[in-house]
Amino acid sequence: MDALQPVSGTALYIAIVVKVLAVFGGVLLVVAYTTLAERRVSAWIQDRTGPNRVGPFGLLQPIADGLKNILKEETLPAKSAKLFFLLGPMLAVFPAFITFAVIPFAAPMPTRWGVVDMIVADVPVGILYILAITSLGVYGLVLGGWSSNNKYALLGGMRASAQMVSYEVALGLSVVAVLVLAGNVTLTEVVAQQQQLHFWFAFPLSLAFIVFMASAFAETNRLPFDMPEAESELVAGYHTEYSGMKYAMFPMAEYANMTTSAALMATLFFGGWDLPGSWDNAFWYHGQLISGFAADGSVMLAHPALWKTLLTFAGFALKTVFFLVVYIWVRWTLPRFRYDQVMALGWKVLLPTALGYVMLIAAATLVLDQLGVRWGFTYGFALTVLSGLATAAFLVFVDRGHTIFGAAATGGQRDIVRRGAPTPSHVGD
Amino acid sequence: MSISVKLMRRPEPEKNSYLRAALSGMALTFRHLVNPAKVTQQYPEEQTDLHPRWRGTHRMEVHADGRPKCVACGLCPTVCPANCIRLVGGEDDQGNRYPVVYEIDEFRCIFCGMCQEVCPVEAIHVGRHFENAEYTRDRFVYDLDRLMEQDHPTTLLWDPSDPRSE
């Protein structure tokens, strides 16, 4: 069947251009409407209505906001480092918008010229590309904070760098568990392996999902980890001195990072564009688009269709939007951590947990492979049970009895955790 | 009236959990999120019901033939604690006194309503109205014609036998 060949030649280049424009425009649109969703959801949570004046139900509010930001005066602090002050917002927004390129967002689409993969760039390094590029985003925050020549902005920038560096470790290690299971770093392969396992990785890797989610919140500087902004402590943190469109680039970067990490949560742990059932499975295997392997090891050809592409895209969009709403929901529920609490949670709780869990999953995978368990339902079920136990142990030994208390409740003790044992008294020492 | 104090009991340190606390907080915010009862008032479309004794923009009552009821007795500029009323009285052929100039500076006014209380002929009133935004400051000095044009309901005077206007 020559219809199931990947697109090539001129059609490939046209497909690439179309996909780049569609994904960039789509991410911009999602970013714009996430700002509106943030305001509407926060209003609803606080029993208010939120912006509803511009257009029907306030749907044109992001456009009005954008126009306002473009027309506003750009301020340039007199003693700022001008070059880096201008460079900061660019460095923040640029990595935020290019990370989405490696996330597959729908099942391959058959066209007259061949099958088009619904991903901008299926680069072999996949998730490593995302980790590398998102770490660049912190330079924008640090440079913007430092070059403002403002003590609050500087503190915000320093916090941003410390926090991003700390949580990147836990984030990376929780992703390692996924990669151990998927056996590959490309995100298309991660999706394909979840289809073959009949389990979304959130179940066999539940603890990794918890660690990933907490770290992703910290990486995107969202509450309860918004130390770089911390408007009640640092005025507005690293973007205190920014106004107009230069300011708007920082929230745009934040929302773009949110969108990417929401999509990443959906892809790594909730099957990406995969929907329940085997009807939509499709991945490339030695030049053939197949849906899986039969019991005797022979390949089963996939049957891509336009309606499958659209339906899986709807599934992917739904998962991403769900995690975006969770981001907003959490922001308007939880209070901000103290700076030392953030550091302690990252280094003392999430890092050891993620490290131990990677070893556990690697050992379990090795044992299951040695026992000759086939990649499929039994494999996934065994890991789900094991991870369930690990998650229960995490909740009992790490979370229970270690609630993050205020400074007053710990009797002046500068430690985030209050152990179950009686609090040692430092007062008499 | 005694104050009731709700005692918040902290959970036992061995039993508390950040994740559980966070999830119960999220359940609370979710209940508010889906609750259709909102406190926002869509102001220009939805107007507040002003209290019958709300004291706002002044108005001057007029006779059936269009003359102001004011007899220029001078009690309101005398009683006005903010000194915001300017009155110049005059007399016509029949010896009836009438206001030649009657101006109220709405910026200086403190809306105490004493002008309405003191008026012997129930001419000047404060009213149940507050939407008097203007583009220039001098538009806030209301002259006699402007006061007579006002058509909003007037303020109910305080009645000692019904102190809460019920």
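This note comments on strand pairing in chains A and B of a predicted model.

1. Chain A, sheet order. The model places three strands of chain A in an open sheet, ordered S3-S4-S5, with antiparallel pairing. The edges are formed by strand S3 (283-285) and strand S5 (299-301) of chain A, each of which pairs on one side only. From one strand to the next, the twist averages 70°.

2. Chain A, pairing of S3 with S4. Strand S4 of chain A covers residues 288-293 and is joined to S3(A) by three bridges in the antiparallel sense. Within this region, Trp284(A) lies opposite Leu289(A) of S4(A).

3. Chain B, pairing of S2 with S3. In chain B, strand S2 (residues 85-91) and strand S3 (residues 97-105) run antiparallel and are connected by seven bridges. Arg86(B) has Glu103(B), in S3(B), standing opposite.

4. Chain B, the turn. S2(B) and S3(B) make up a hairpin, and five residues lie between the two strands. One of the turn residues, Gly95(B), has a positive phi of about 85°.

5. Chain B, pairing of S3 with S5. S3(B) also has two bridges to strand S5 (residues 141-142) of chain B, and these strands run antiparallel. Here Asp105(B) has Val141(B), in S5(B), as its bridge partner.

6. A point for inspecting side chains. In a regular strand, side chains alternate between the two faces of the sheet. Residue pairs to locate in the model include Trp284(A) with Leu289(A), Arg86(B) with Glu103(B), and Asp105(B) with Val141(B).

Technical notes
Residues numbered from 1 in each chain as written. Chains lettered and ligands numbered in written order. Predicted model: local features only at pLDDT ≥ 70, side-chain atom pairs only at ≥ 80, totals over all residues. Pairing = 2+ DSSP bridges. Helix = DSSP H or I, 4+ residues; strand = E, 2+ residues; numbered from the N terminus. Axes fitted to C-alpha atoms, helices over the stretch in contact; angles between N-to-C directions.
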